[in-house]
Each structure stands twice: as C-alpha cells, then as structure tokens.
Amino acid sequence: MIAADFNYEAPATLDEAIALLQKYGDEAKILSGGHSLIPMMKLRFASPEHIIDINNIPGLSDIGIDGQTLKIGALTREADLEHSAVLKEHFAIFGDVTKLIADPQVRNMGTIGGNLAHGDAANDHPAVMIALNATVVATGPDGARSIPIDEFFLGFYMTALQPDEILTEIQIPMPAAGTGSAYHKLERKVGDYATAGAAVQLTLDGNGVCTYAGIGLTNVNPLPLRAERSEAALLGKTLTDEVIAEAAQYASEDCSPSADLRGDEEYKRAMVAVLVKRMIHKAAGRAVA
Amino acid sequence: MTTNLTKTFEVEQPIDLVWATLTDPTKIVDCVPGASLTEQVDADNYKGYVGLKFGPVKAGYDGLVTFVQRDAENKKMTLKGLGLDSKGKGSAEMLMNATLTEVDGKTNVVATMDITITGMLAQFGARLINDVSNQVFNQFVSNFKEKLAKTTDGTAAETTAEGETEESNSGIGGFLKKLF
Amino acid sequence: MKQITVTVNGQAHSAEVEPRLLLVHLIRENLNMTGTHIGCDTSSCGACTILLNGKSVKSCTILAVQANGKSISTVEGMCAPGAPLNNLQEGFKENHGLHCGFCTPGMMMRATELLEMNPDPTEDEIRWGISGNLCRCTGYNNIVKAIQYASAKNRGVEPASTEPQFV
Amino acid sequence: MGHSMKRKEDARFLQGKGNYVDDVKLDGMLYMDIVRSPYAYAKILKIDSEAALKVPGVLAVITGRDLETYGLHWMPTLMSDTQMVLPTDTVMYQAQEVAAVIATSRYAARDGREAVRIDYEPMKPVIDPFKALLPDAPVLRTDKPGKTDNHIWHWEVGDKAKTDDVFSTAEVVVKEQMHIPRIHVASIETCGCVADYSKVNNHLTMYMTTQAPHAIRTVIALVAGHVGLTEEKVRVIAPDIGGGFGGKVPVYPGYVIAIAASFLIGKPVKWIEDRSENLQADSFARDYHITAEMAGTKEGKILATRFKVLADHGYTDASANPSKYPTGMFSIATGSYDYGTTFMEADAIYTNKPPGGVAYRCSFRVTEAVHAIERMTDRFAFEIGKDPAQLRFENFIKKEDFPWHSPTGWIYDSGDYEAGLRKAMDAIDYDGLRKEQVEKRAKGELMGIGISTFTEVVGAGPSKDFDILGIKMFDSAEIRVHPTGKAIARFGTKSQGQGHETTYAQIIAEELGIPAENIQIEEGDTDTAPYGLGTYASRSTPTAGAAAAVAARKLRDKARKIAAYLLEVSEDDLEWEPGKFFVKGAPEKSKTIQELVFAAYTNHPQGMEAGFEATHYYDPPNLTFPSGAYICVVDIDKETGEIKVRRFVAIDDCGNIINPMIVQGQVHGGLTQGIAPAMYEALVYDEDGNILNGTLMDYLVPTAVESPNWETGHTITPSPHHPIGAKGVGESPTVGAPPAIANAIVDALSPYGITHLDIPITPFKVWKALKEKGVV
C-alpha cells in the first residue's frame, strides 16, 4: 500500500506552518502523529497535495499547570500522557484512556491534538475532553483563539478549525478537591475502536453531593456526545444507585449509535448505560479516595 | 451494504411550492452538498456529478438520477440515483421515497432512503456510511428549507446547476446525494 | 525529492527520497536491511517495528522524510555479526519464542523499549506491552517467557528454567 | 528423541537474516501490482490502460485478453475445477484480479494500478449459499457448458437407512444448526513471488511463498507447459516462509500473472500482496453450514449421529483436499466415541465470494467435523442433564478397542482418550470448578466449563486413497553423509516455522547417531530436494519424518555391512547403539558411525557401492490419529457479554515426541489459532458481496492480551505403524480448542436455556442471546 505523491513541508516554526496553510489552503493536510492520516493515504482514500509536518515545531508538546489550568501541547504523544506524573496525580482518566488507544507503538507517535483534530467520534480523547470540559486552542494568522470543546466538533471529520489554523494546545480546568475521573471503552480486541466508550469526571463535596459532572461518550453518536441529561441527573445529588441508573439510562437514550460489526444499536445503547454507570462509580470512588 | 434512513421534517411553505421545488432537479441540485447537474437526458433522467470532501478524504461520483414516480396528486415521489466512483472504486445507489402532506398551511415531508454502497468504501468505510448519510441528509434538509425560505422572501438567487461548485467542504459521505 | 540523512544502527546514511517513501521501504529497499518486515497496511501487526530515537514505532506508517536527522535501530543492530546474541535474542532462542521468525524482529524491537521503560514487567504488562505486535505462530506464551528471560538477565537475575513446563 | 533441543534455524531469524520472498532482489527486477474488482459480480465492459501506461515507470498492463492469447487465462484448481487467472468478461467476487500493472518500481506499479480505468456493469450477486440453490438464482458458472444451477457436488457416507431408523425410535434426539464461518489464515507474511524467466535459457526460477514447492512446479508445468515451460524448465524455490497454515498451498492468480509477465518481458517480476489483498482474495477456510443431530438414550448412550453440510465454496471449488475427498476428512465427525451408526452428507455450492477451502492450521475439514461432534456431545449431555465429562467417559472408544474401525471407514491407529480426559480434569480441578460453578450460579454469575475430547486425522496419506491432482501423497527424504561424518538432508516438505531444521535433524541423529548439530536440513528448492507433496495437514512428521527415519535406517544397514567388513565379523554379530556398532560380547571392538562413513568413501567392501547416501519416499500404511483433551473455563460479564477465558488446559496425545519444546510451541500457537475463530475471527460479507472486514483493523487476529496463558501437557500413545511412533501435532489445538471454548460459553449461558451459539462468539452475540431470554 503506497500513497499518491505529494509535496512535503516541515516548517520549523508555527508562523511558517500557518503561512504554508494559507498558501496551500484546502489542499494541505497537517501531519502530526500520522497514524490516522497515513493509512488513509496508503489506502488512497486521501490524497492531499501538500503535507505540512508540524513535528519539528518546538514548544507544542509540554504538559504543565498554569494557575487553575492544565495545559497540554497539541503535539504531546499519547505515550507521554500515559506516563506523565502531573496527569497521574490529578487526572487518573488519562491513564485509563491512553492504555486503550491503539497500541504502544502507535502511542509513541499519536498526539492528543491529532486525535482531536481528526474530528472522529470513534477516537477516545473527544469524550474525555468533554468530560473534563476542555478548551481547544487554535492558532491561525490572527493569533490564537479558544474553542470550547462543545463547539469544536461539527461533523464527520469536521471541526471548528479553519483551513489555516492549527490546533496548538488543550486547556483543562484543574479539578476542585473531591474530583475523580475515569474512562473505559468496550473493544473487541486491544486497540480497536470502541464498541462504546464513556468518560466521566465528577466532583463530590464533603457530603457526597455531586457538584460537577462531565460525561462524554465515544463512538455512539455521529459527533462526540456530551451526555447532558445524565450530567444534570447527577448534579446536586448524592450518587445513589437510583441516581446513577437514571443518569446511565439518559445517556443510552440520548446517543445515536450506528450498527456495525461491533453490535447493533440496541446493544450499543445498553453498553452506554453499563459504561456510564461503571465509570460514575469508578470516578466517584476516585473522588473520595 | 445498505443503510436505511427515514426522516420526517416540516417546511414552513405551502405544499405546492415544496412539491414543485422537490421535483425539479435543477432547483434541488444545489441543496445537495457538492452536487451539480451535467445533462438532462429526458424528462425523468438527469446526469450529474457529486464531489465530496470530508476531512482528508475526497470522493467524486458520476451519477444518473431517475424520477421513477412523480405523483403530483398524492404528492408522492420516488427517485432513484446511481453513482459510479469517478476513480472506478465502486458505486452507490439510492432509492428515495418522499411523501408530502399539508398541515396547517405548512408541509410535512416524510422521506425514506435506502442507500447501497458497493466497492472500496463499503469495505473500508462501513463504519461511516450511516453517520455520514445522516449528516448529508440533514444538510440537505437545512439547505432545502433555506432555499424555500428565500424563494418566498423573494430574495432567492436564480440557481443554475452549471454555476455550482463541484465540491463542497461541508458534505461528506457521499454517494447518496447524487440522487437529488 | 528530498535529501535526508538517517543514522541506522550507528551508521549515517544519506538518501534522496520521494516524500511518500515509507520509512520501512527506505530501510528495506534503499538500505538493504531486510530484517524489518511488512505484515499489514494499517499499523496493526507490528512486524515493521523499529526504534526511532529510541522509541518503538511502526515504520510502515511513518514517512522516510519524517526520520530525517534521527537515529534508527533495527534488528540488525541487536548484536554484531558473529557476536553473541543479546539478552532478548537469547531469550527468544532459549524459550522458543519464535516459529516462522517473521514477526520476531518487530517483536524484539518493541520488547527492547518495553524493558527500557519497565525493566521488570509483570506478565500482564508484557502482554499489554506487546499488544501492537501480532504473532500467528507461537500463541505468545513463549514470547512472554523470552521477555521475562531477558528482563532477568538484564537485571543480573537468574532466568527461570527454559525447559518446557507441562501440567 | 524427547529432547528439547534449541532450534537450529533461530540464529538467522534473530539477527534479521531470514530470507523471505520479499527479501529477494534480482538485477533488473520489475514490480507487479494488481487491479481488483470493486464488485462481487459484474460484466467487464472496457479496460482502459492508456492513462496507466503514461505513468512514469509503468511498462505494461496485462489483462485477461492478453493472457487469452497465450491460453493462460484459466487454470485448474486443486480440486480439478477451473479458475480464472484474469477475467476476459466477468468478475465473480469482490477483489478478484482484473488486470496487472508491471512497472520499474513498487511505487510506479501502484500508481499505474490507480490509473487503470475499468467500466463494469454490476449484476446482483449470489452471496447466501442457501439462496444460491433456489430455482430463481442466477447460474454463476456460465462458462461451464450445460451448467443449470450452482450446485458443485454431493457427497455422502454412512448408513442412511439404519441411521434414520435409530433416529425415528430414539428416546432423545437433539439438533442444532451451526455455521463454521469463513475465516482466513492471515499469516503475518502475505503471499508473493519473484518470477524470473530467462529467455536465453528458456528457464523459469520461481521464488514463492509456497508450502508445497514440488506440487507447485507440476501445476506450473500443467498450466504453462504449452508455452514452453515444461517441468524440467521450472525451478521453484520456497525461501523462508512467514507462516503458512494452509494459505500458502494454492496457486493464486497473481503467481501465474507474474510468471506470464516475466515470460513476456524477459525480466524478473516481483509480486507481493498487501494485507487487504491477502484477506480479501486469498483462499478462505471453513464456511460450512452444518445441521447436526444426535440420538440416544435418556441414560446417555449415544446411538446415532447425522450431519448435513452445505459448503460454500465461493465461485470455484479451489479447496485443498485429497482428490477422492471433496469434504476432506469431515467423515471423522463421529469423533473419539463409539456413537453407533451415522450418516453424513454434504453439498457444495458456488457463490460470488472468493474461492478457497484451504486449511486454517487444520487437517482437511477436520475442524468442522470436530466442532460439530464436540458441540453436539455437550448439547446431548445438557438435554439429559448429565455431566458432559461423564457422558464422554461412557461413550469413549476404549483403549483396548484399537485399531478401531469407525462407521465411516477410518481405522484409528491408537489412542487412550480416557487417560487424556482424566489428566486434563485433574490438572484443572474439574470437580472443584463444578462446585464453584454451582455457587456462582446461585449468585447469578456466569461461569462455564467446556470440554473437547477430539480425535484428529493427519499424515495424508496412504497412496491407495490419497492423491492431489493424481500425485500420491507420499513424502520424501534424502540423506547424504559426507566423508567427515557430517550430513545434509533434503526433504519434499517445507517448514513455515514448524522447526523442521531441528526436528528432522533430531530424527536422523536418533537413527544414525550423528549429532543433530552436524546435520544440515534443506527444503524448498525443487532442483535439489526429492519430490514431495509439502507441508500442511500436520503431515510432515508422519510422512517426511518417517521418510527420514527409514532413509537413515537404510544407511544404518549399510553401516552395519561396512562395520562387519572392517571388524571382520558377521553382520549378525554386531550390535547397534546410537553412534556405533560393536561386536556382541566385545564392546571394545567397535566402529563409530563417523569411522564407518569415512570408510564408505575410502575403504568400502568390494562390490559395495561407494558413498553414504540414501533416499526414501515414504508411503504411509495408514493415517495417524492424534487426540486431545481440552478443558476451558470462562467467566462472562453478564451486563456486557464480555468473555474472559480464565484457564485453558490442553492435554495432547501426538504419540512419541521428538522435541517437547517444539511440540509445546506448536500447541501454544495452535491454541491461539483456536481461540481466534472461537471468539474473534470471521470474514463477513454483506448481501452485495462487499467484504466488511478486509483489513487487520477489523479482521481480529488475537494479540497477547486476548490470548490466555495456555497450560499444556501430554499423554503418549505411540502410533503403531509410524517408524518412530509419532503422529503429528501442529494443528490439533486449532481443531480442538474452538469447541472447548464454545462449550464453556454455552455452559455458562445454559441456565437460561441457551443451547448453542455460532462461533465466533462475541460479547455482542452473548448479550443478544441473554437479551432474547430476558436475562438482561
């Protein structure tokens, strides 16, 4: 399998990269980890005329806390998320999700920015970002702008990024005390796209009352889905089995999965309920731990 | 592989206008993302092209659209579209049935579509067909409503198939749209 | 065409390549090192695994131009010709961790990084650690043993018996 | 024997010095890529090569019409059906080869492939084999004069009248409809070749991924002899092979096209499939729809079995079976049991799917048979409320009943099924597990225990019954011992990872006393190796291994004569111990094998032929019948349907063991290829003939995470007729594991009245079954 020919550029700075995007417009594609794009090119589903390799641009792969915000550079590899001490301390969910993304070699290449910018509801980070209420930073000719995660995904392989913009950073609010997060997906085998996946972040106050709930779903909807009714069902409540069951039920009703070899719609809806329930329990467990 | 979609939507305009627009290929074509008409074969058959782009993926289809049924009295239509991938990698077929009913001066549209994809996209893109079809259909509905709104506003631009762009940035999935 | 320079197993190579040339083809066809294999098109099988700046990656899904200026390790660099096998190679031989040998170079390159990151992995960590490498012959039991053997030897510990264990 | 010698072949593989077909690089070599059909069934209206020929580096585009000029557009299959090399009019399955592009580089060939424009007129394909038999189904093989339907052949065996009679009066009858789905071997190395035709010498050297190089040479001569490639002009070289499992037995169109291209252009042509081509177009395995029935008493005595098979062969019968056995060894389906009478029948059907019917690490259709009988045994036990282990003990063929004549005509050579099952039950603590299961069930938890006590039939085979394209299924060994006492031995088989370079050396070492380290083993070059039918169906040790032992014994006989001459005693006065002959009663008077070999070149008796070489073509007197007792324990997540294989114990009996390490390795690998079809793999087509999982992203080959830690052991019941008492083992676990797993899963679900699930049993399937029963 061999891609069609293309022009390759490897700019050393963000400005250069943006200038190239302006120059080539819609015929250019950004290469970060490349593990979605290159297989598509090899299968000749995609034949972009220009590849802008942003891997040589420095400063896009840091993980750090800035005040009340966690900042993750868009070029941060999945493997670096997996092993980051900062994330282990504050966001257990990254340990959950990275282990389930593809495989170790792919995680050495794949980037969090690429995972989001691909605009595929089957990817795992979109749901996690929804749960964590992240903001995506896009940098273009006019500088950087912030895009709330709920406004980022527009359609299949479609995001709010303009053709001359590059996703440069992900910003996540630092969790309040009493916060826990968890992610799991059902997969047919290691590295598969999710049959269904659920990401949950919860904050519980001293009385066990839920003061924040973020719930995102993977691969059960045309777009990455925020389970809004589920979140609302938890807020202000102590998380009894009944409350959790209600939240799980809403998620299974509100998603819109497609049948495929992984299962039919009924199964996927049921799995959404199971996963949301389990991840609420797991996140709540971590919140009080 | 075949995907079946059923959509019901309401249009603010009177049924006769909706019917006239929906059954006129030259009017409807620019509601279909990325579509253009290239030739009218006869009263019921039209040739066209649909160019689609979603993310890094581009596809082009040369298609033939046939009005199998245009029952003005009962406001029922059946449309068949057959598209061939312009690179020879497969084909797409769609059969659409639409029924219009009048509700308080507005028009209710019930449409069912059977979309059948053959070839490379069915092999590798099965995961997307349903989502993409839905997305494209929703886009069509929104374009259609917008067009009708403009028509009644009197602000509608005269549209001709020839003037339309061959590709759309917004549409995806493809093949199905050629049928309009 | 793009001019690139890569260091493979310590030796620098320059080449003029099409941007679309896959790294695995650079290694196999241009540099004639055929120990790195191709088993799929979708980065699913891991037969093409090499180390790029010390990180295990799938060279069928990386462009040769992306490796410009970087260092690459392949199976050919695991031990010098005629020199004793390194601990991993020895582990695979002693524990019958290979049958047809096709997945073996990629498997060993992956295991190299795995042991670097985690010198004393559990069985479960090994299994997840090689989950990007398919083997159709061995059933993985002995690959796990081979990696455990290398882990022990790397740490100066006596490896478990390499005799087959039967119930 | 019985020594876990480390493998001789490993050194090169561990240092990246294996030599696989894609590593072959010849001067002036061209590359071929193949344009494939997007449709399952379509007329070809036009092939336009113009744009492709303009792609820089593209030299030629070859179509069916081009091959037709040379009479090379059709070829015979191994089952004497016919298969297109390239179509002239009609494509019959998705991904079928339609045209080939020859170019100066791999990349140019691929660009050329993209640029070939083909106009098709798609037709409605026939995908479902049951629908293929309906009166209104289109007749697919219109190339066959007079063909009026899609039926290929009917086969039956057993006693229909008696069987029907038992069924009509039996106390208990159970019946299940099961599908053993289409799967693919997916060896990690795909198929490929380098065809190197020299116009000067009128000679073809064919480097290719083949498990049967000699048979392939003959097939090439049959296909292309009329253009001058007669058999003496053809040399087939199988280099190192990256896994075979049956998928590298057939002749694929790509090989023939590459030969034709090299023949026409006069340069070497390389063709290497990519993975999706491999999965989508190469031979499949299985695809049997089986109606299985069992009749017996309420107490658990089985009296009769009945099987009806619908075999979906795709568009041509390209199975790899012995000629007289269209269903392979399916008639082993009465299993390890004395189950009374039986009747089996099968019908093969054409559909618009790729051809095939090869093994998937199994002896000719044994897996289908074993799945049916082992599933039905559990099914019957469930019906009468008896423990499935107990039912097996009560119905096993007894150790003392061997050789045992099965109702379908097999003569089982030896076995001790009870011992195997006892050992497996002890190893896994069967009684303890059943107790645990009772407790778990009381809590509503799903835990299952599954047994499979199978009999394999391998080592095809005796020449009176077994041939492929008329060539008898012997195999061969040639041993040459050099004057210094070191040897080279060559075989008609071809290892794909089974470790022949080690085990054959061990056999010869055992028989001749020359250290295995000093014995070089070679296979795969038809110019140097003796003719043989190749490696598949676990036949190498039963046939070529036996040939090695017999050839070595011929040499030992010669050594005895030389020893008698040198020691000046009668041959009868000599005694052999590995490595030397000595005089009875005077062990100090001896000659080592090395001394005797040296003498064969330097000081041999007058009248004796010089040299120390022997060849043997071994024609086995019977097949060998390895067996196994497997027990699997699963835990199922009721909410999600996810299945966890908690433990799996496999006790194999493959007779005498040459190298326990290699045998165990084969069992491990076979077990993973057993869990694969049981829980993960199946090639899925939609009703239009689109393959829905034609890449390794969706065709789910298990990783080290899915594959559990296998626990293995053995019992040893030597084959009475094999020279060293060995039986063959490489495929037993792939045959035996799927029903053990399926039985365990169904056992877990049985409290809810679930009696059968088709493999692969996925979480979705489990959940759906529970849903239908109102459990979730």
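This short talk covers the interface of chains D and C, the cysteines, and one surface patch.

The model is predicted: local features need pLDDT of at least 70, side-chain atom pairs count only at pLDDT 80 or more, and totals for chains, interfaces and linings use all residues. Residues are numbered from 1 along each chain as its sequence is written, chains are lettered from A in the order in which they are written, and side-chain values use heavy atoms, without hydrogens or water.

I begin with the interface. Contact, meaning heavy atoms within 4.5 Å, links 68 residues of chain D with 56 residues of chain C. The buried area, that is, the accessible area (1.4 Å probe) that two parts lose on being put together, summed over both, is about 5000 Å² for this pair, and carbon and sulfur atoms give 56% of that area. On the chain D side, D:L14, D:Y107 and D:I188 lose the most area to chain C, together 17% of what that side buries. Five salt bridges cross the interface of chain D and chain C, a salt bridge being a side-chain nitrogen of Lys or Arg within 4 Å of a carboxyl oxygen of Asp or Glu. D:D22 forms a salt bridge with C:R28, with the closest N and O atoms 3.5 Å apart.

I turn to the cysteines. How many disulfides are there over all chains? With a disulfide taken as a pair of cysteine sulfur atoms within 2.5 Å, the count is zero. The sulfur of C:C48 has its closest cysteine sulfur in C:C60, at 3.7 Å, which is too far for a bond.

Finally, D:Y70, D:L264 and D:I265 make a nonpolar surface patch of about 210 Å²; patches take residues with over 30% relative accessible area and no salt bridge, joining like charges within 9 Å and nonpolar side chains (Val, Leu, Ile, Met, Phe, Trp, Tyr) within 5 Å.

How values were computed
Areas by Shrake-Rupley, 256 points an atom, 1.4 Å probe, with all protein chains shown as cover.
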